[in-house]
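Biologist: Please take a close look at a single helix and the elements packed around that helix, and describe them in one connected account.

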Amino acid sequence: MANKIFLIHGYTAKPSDNWFPWLKNEIKKDNLAISLLDMPNSQNPDPLLWDAYCDAHISQTDGITIIGHSLGCIQALRFIERHDIKQVNLILVSGFDEKTHTLPQLAGFTDQPIDYRTVLPKINQAVVISALDDDIIPYVYSETLARHLKCKLIVMPEGKHFIDRDGILDLPVVYDELLAFVKNCD
């Protein structure tokens, strides 16, 4: 799994934000490596540009792990849907797969619904993580996402959108789930 872990950040974010640097440092201690993607123009994201960026920067090989945060979750699913890959592991944090009332400007990413008949057979393991008090992507969107993926849902009592603005600079639940995935793949 060493260089097969990729993190896709969300809307208005960059790789140096939130809990992403912390996660990179933590997994480095386990001799794992992660690619923190620097998605283009995150202030005004374009689905086609994000697709092209992921195509160029995510290994299209079986057994990869993709960690998505917020908009990065739907982007991860769009990537999986388009590629002939198998055994993908997914950790999706504060994710959604439909137009949200809170961020209607991101509807271009969800206008074309994900074809789960194509995506589900490609998934090895998946987990969706949300917080009851998420004020950016309310947890009901993550509940729907987990239901569509037929996967485990972890709803934290608090944490909001898991961003640095709310004081979230580490996210041990993501690290724990990632290590569980690694163990299950050995």
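Modeller: Helix H5 is followed by Lys150, whose phi is positive, near 55°; helices (H or I, at least four residues) and strands (E, at least two) are DSSP runs numbered from the N terminus. This is a predicted model, in which local features need pLDDT of at least 70 and side-chain atom pairs count only at pLDDT 80 or more, while totals for chains, interfaces and linings use all residues. Residues are numbered from 1 along each chain as its sequence is written, and side-chain values use heavy atoms, with hydrogens and water left out.

H5 spans residues 139-149, and its buried residues are Tyr141, Ser142, Thr144, Leu145, Ala146 and Leu149, where buried means under 20% relative accessible area (1.4 Å probe, protein chains only). The cover over these residues includes helix H3 (71-82), strand S4 (88-93), helix H4 (116-119), strand S5 (123-131) and strand S6 (152-156), with contact meaning heavy atoms within 4.5 Å.

H5 lies across S4, S5 and S6 and runs at about 165° to S5; axes are lines fitted to C-alpha atoms, for helices over the stretch in contact, and angles run from 0 to 180 degrees between N-to-C directions. These strands belong to an open sheet of six strands, ordered S2-S1-S3-S4-S5-S6 with parallel pairing, two strands being paired if DSSP finds at least two bridges between them. S6 is an edge strand, as is strand S2 (34-36), and each pairs on one side only. S4 and S5 run parallel and are joined by six bridges, and Val93 has Ile129 in S5 as its bridge partner.

Definitions and conventions. Buried < 20%, exposed > 50% of the residue type's maximum accessible area, 1.4 Å probe, protein only.
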